[in-house]
Amino acid sequence: MRYSGQVCPLPLGLLRLALPLFPDTSPVTYFTDRKAFKEKFDLLSFYDQLSHPDAFLFNPARSPDEVVFTVRGDGITLTDGQGKPLVLDFRAGTGGKTSSLLPSPLLRLPLASEAGFRLGLGYLQGVDGVAVETSPELQEALKGNPSVCQQNPSPCALRGRGSFTAGLALDLAYATPLPEIPGAGRLHLGVRGLGFYGLAHLEAQAEARPVYQGDQISGTEYEVKSFLSYPGQGQGYGAMADLGLAWTYENLTLGLGVRNLLGFVRWSGQEEVYQNGQLISSTPAVRERAGLAPAAFLNGAYRLPLEEGSLLLAGDWALAEGSFHLGAEYAWSAFRLRAGFGREGGWRLGLGGGLRLPGLQLDAALTTHEAPLVGGLVYGLALSLGF
Amino acid sequence: MKRLAWLGLLFLLAACSGYTVTTLRLELHTFVPEANRSGSLDVISGTLRFPDDDGDNTFGNDPDGYWLSLTDTRDVLERAEFLARVRLVHQSGGPVNVGLEVHVAPEGDSNIYDGNGDYRVLNDSKSLNPGETAELAPSATLAPGDPAFDLLRGGRFRVGVLLSVTGSGTIQYSLEEATLVLSGKVFGLIPNN
């Protein structure tokens, strides 16, 4: 889970996106300083920061200084300035195979909390399903065997797709302990209902493939499909229910959470299809998902008392996405120290610390993730605040 | 003709930063069939024109070169570079002079080697006596202000290589490279205001 209790991650990443001080990631410089935008803006850095909004990235993924397309009679190769082949295949999020109906909350404002009930208003935003794929034949051609492409329609295709969703959600959660199991701890049950109003939803996919005349490329054909919905051009709304079950036994806690256990999301908007640059169709369309779309999470924690303070060992596993995290926290007085690692679209390492004061909880973490497209580690700072 | 518009999608994926230099390296010699990249010229005076795609079954006589139709790079292109390399061996006969030229011309030009509307962007020559070997490897960089550069920026042009021999003898030639390198920044397409 991205938050628990009254603790909320701060969307530090918005600083990089909104402030012209960071021309590599802030599209605002397009309006405030066009020269800086043209010289420094980096779409890959922007994408990297946009997809990690709860961390301020110190070194977001950086586009290569030079990209070289070498066109030969028998094919095309793509390298950086040093001749190193660029990897075109990459995936972020679930790579278009998302099982959740809605993204996780980026911001949540607690409105009320009483007798096991909690009411909150959240802003949801997520980039998901981003993937660039080369067909196996195109991969082979780029390795120097272009003959596999030489037919019409060519099996050599480059495909890209992605989606973006934003909206407001009002959620009501209820948690209660169940009767104690004699000698085996206690179960806790939690449910959450969420109503969603969509602010924007964009889906896009593009495919390009060469056209051959004999063994020579004589042209190309490409198709772009997009679906766009925002208030004024359609609308989006939905509702969903989450379920959580926790078992506590002495210092051990195990949990099972299921997001989107039941629900629906409906977007109405405009679908457009372009072929070879020409608008082929523009029609009203609906994207609707309903019923069971569960995304299950398992987590566990064990607190080990020490002579001075205590050590908390914890882990979580998102079944649908196959991501997991393992970590430890040392607690001493009001201070916390953490370290962990995990896999979430590449390996991640994390270091962090926190402070617990009466009525205030502050946590900071050094995060890492693998840079999309170009590889390498990206470091970031994440903060969360609780009251 | 090569329509390379589909490179646009790759450009978008890999080159979308203000500082990324996107380089398009066109290895023109690879469009000449390998069997025709080397051979013997047994002439009193003669010329060969590469590439030859006129389909008349006579190699080396195509006057209109190779038509390239790229995306309009008027706001993108910052530099153009030509590289060519030919190895020569004088096998027999008397002294000869061998010249290597690369020409570019507007797409409508039917003869890109006659000096009428075309530009000679590379030029090198060598005199060879019997038994001598030599290499012609001229290169040139074009920048804004050069009329040939302005032609390339339009994205639609013809290009070709002319190998000429004057004298009497047999020359073994081998075309090893004829490359056009275009470099620029895709963000140049964004208006300044």
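Mentor: A residue is called buried under 20% relative accessible area, exposed over 50%, and partly exposed in between (1.4 Å probe, protein chains only). Glu176(B), at 27% relative accessibility, is thus partly exposed. This is a predicted model in which local features need pLDDT of at least 70 and side-chain atom pairs count only at pLDDT 80 or more, while totals for chains, interfaces and linings use all residues. Residues are numbered from 1 along each chain as its sequence is written, chains are lettered from A and ligands numbered from 1 in the order in which they are written, and side-chain values use heavy atoms, with hydrogens and water left out.

Trainee: How many salt bridges does a search of the whole structure find?

Mentor: A salt bridge is a side-chain nitrogen of Lys or Arg within 4 Å of a carboxyl oxygen of Asp or Glu. Over all chains, the search finds 26.

Trainee: Which side chain meets that of Asp24(A) in a salt bridge?

Mentor: The partner is Arg16(A), at 3.0 Å from N to O. Arg16(A) is buried, at 6% relative accessible area, whereas Asp24(A) is partly exposed at 22%.

Trainee: In which strands do Arg87(B) and Glu176(B) lie?

Mentor: Strands (E, at least two residues) are DSSP runs, numbered from the N terminus. The side chains of Arg87(B) and Glu176(B) form a salt bridge of 3.1 Å, N to O. Arg87(B) belongs to strand β5 (residues 77–106) of chain B and Glu176(B) to strand β9 (residues 156–184) of chain B, so the pair ties together parts that are 89 residues apart in sequence. Arg87(B) is partly exposed, with a relative accessible area of 42%.

Trainee: Which residues are linked with Arg87(B) and Glu176(B) in a network of salt bridges?

Mentor: The network also includes Arg25(B), Glu27(B), Arg85(B), Glu135(B) and Glu177(B).

Conventions
Helix = DSSP H or I, 4+ residues; strand = E, 2+ residues; numbered from the N terminus.
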